[in-house]
Amino acid sequence: MPNNKKTNTRTIIFKDLKRNKFIYLMALPVIAYYLIFHYGPILGLQIAFKDYGPVDGIWGSPWIGFTNFQDFFESFYFWRLVRNTILINVYELMFGFPAAIILALLLNEIRSTLFKRAVQTISYLPHFISIVVVVGMMVDFLNRDGLINQIMDSFGLETIAFLQQPEWFRFLFVSSGVWQGIGWGSIIYLAAIATIDPTLYEAAKIDGAGRWKQVLHITIPGIMPTIVILFILALGSMMSVGSEKVLLMYNAQTYVTGDVISTYVYRKGILEANYGYTAAVGLFNSVISFILIVAANMVSRRVSENKLW
């Protein structure tokens, strides 16, 4: 009996491969990409537990256990890096995440097609601007002799070196990210709104519900599964802040609020060639992110029917 089941399974798989061979062929580059660049490097994580040296290689370097992790936990920078990384992500979650939802809800209420398309186009455009260009624009606007300071000076206000002030770093980082991503982030919510049954709105109108009540009791519940899934994914990246933008924005004066785990890994790994130590830092970051996304999914599964898996 077991042999018959194995034979049937193999037959089904073979027939499926033969029937959909062109689809699998199209998927082959994607599968190869993930195998080479995502699953293959997992073997290299062992250097986090080794005194890695390029001459000895991954397999020849001696094991040192959790020494690299202990060095990171006891370092002067540990709490500063964790605090900055979490705070920036929390601010992005507080302001950036609902911003896309609010924009989608507002766009859905616009009745003029021409005006709606114009707003969508304008709000989408910043997403396609390079981070280098965005930071360059910020430098031009926020420098001592930039446009913002010139306007402040014309009103008799004291000028501020925004990019040199640690207390301004997180605000500028998060606000520029919201500006750049709000339009693009609203696309998925607009798509979710489009799937809501129009008869629900018609029934609500008959019952005397205004636009606000329709949004509150139909639109928001209708897109709630999408919101929950994206929120869980956002929580999974709570310990990750893109190093590119931070590297372009921060300087020695803003390290205290701008230095995050990814930039620390860049300095220690690329600039100082301390690969084993930075592998340990990166692994710690990934484990915390994994725990967060699993915990968020478990909580969502218990309190609602919406979950990632």
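Author: Start with one residue. Contact means heavy atoms within 4.5 Å. Leaving out residues up to four places away in sequence, Tyr 189 touches Phe 97, Ala 100, Ile 101, Ala 104, Ile 223, Thr 226, Ile 227 and Leu 230. This is a predicted model: local features need pLDDT of at least 70, side-chain atom pairs count only at pLDDT 80 or more, and totals for chains, interfaces and linings use all residues. Residues are numbered from 1 along each chain as its sequence is written, and side-chain values use heavy atoms, without hydrogens and water.

Reader: Which residues touch the most other members of the largest nonpolar core?

Author: A nonpolar core is a set of buried Ala, Val, Leu, Ile, Met, Phe, Trp, Tyr and Cys residues joined through side-chain atoms within 4.5 Å. Buried means under 20% relative accessible area, exposed over 50%, partly exposed in between (1.4 Å probe, protein chains only). The largest core has 27 residues; Leu 93, Phe 97, Ile 101, Leu 105, Tyr 189, Ile 223 and Ile 227 touch the most other members. Apart from it lies another core of 17 residues, including Phe 169 and Tyr 250.

Reader: How many aromatic pairs are there?

Author: Rings of Phe, Tyr and Trp (its six-membered ring) pair if their centres lie within 6.5 Å; planes under 30 degrees apart are stacked, over 60 edge-to-face, the rest tilted. The count is 24 aromatic pairs. Phe 73 and Phe 78 form an edge-to-face pair, 5.4 Å centre to centre with 75 degrees between the planes.

Reader: Is Phe 78 buried or exposed?

Author: Phe 78 is buried, because its relative accessibility is 8%. Phe 73, at 38%, is partly exposed.
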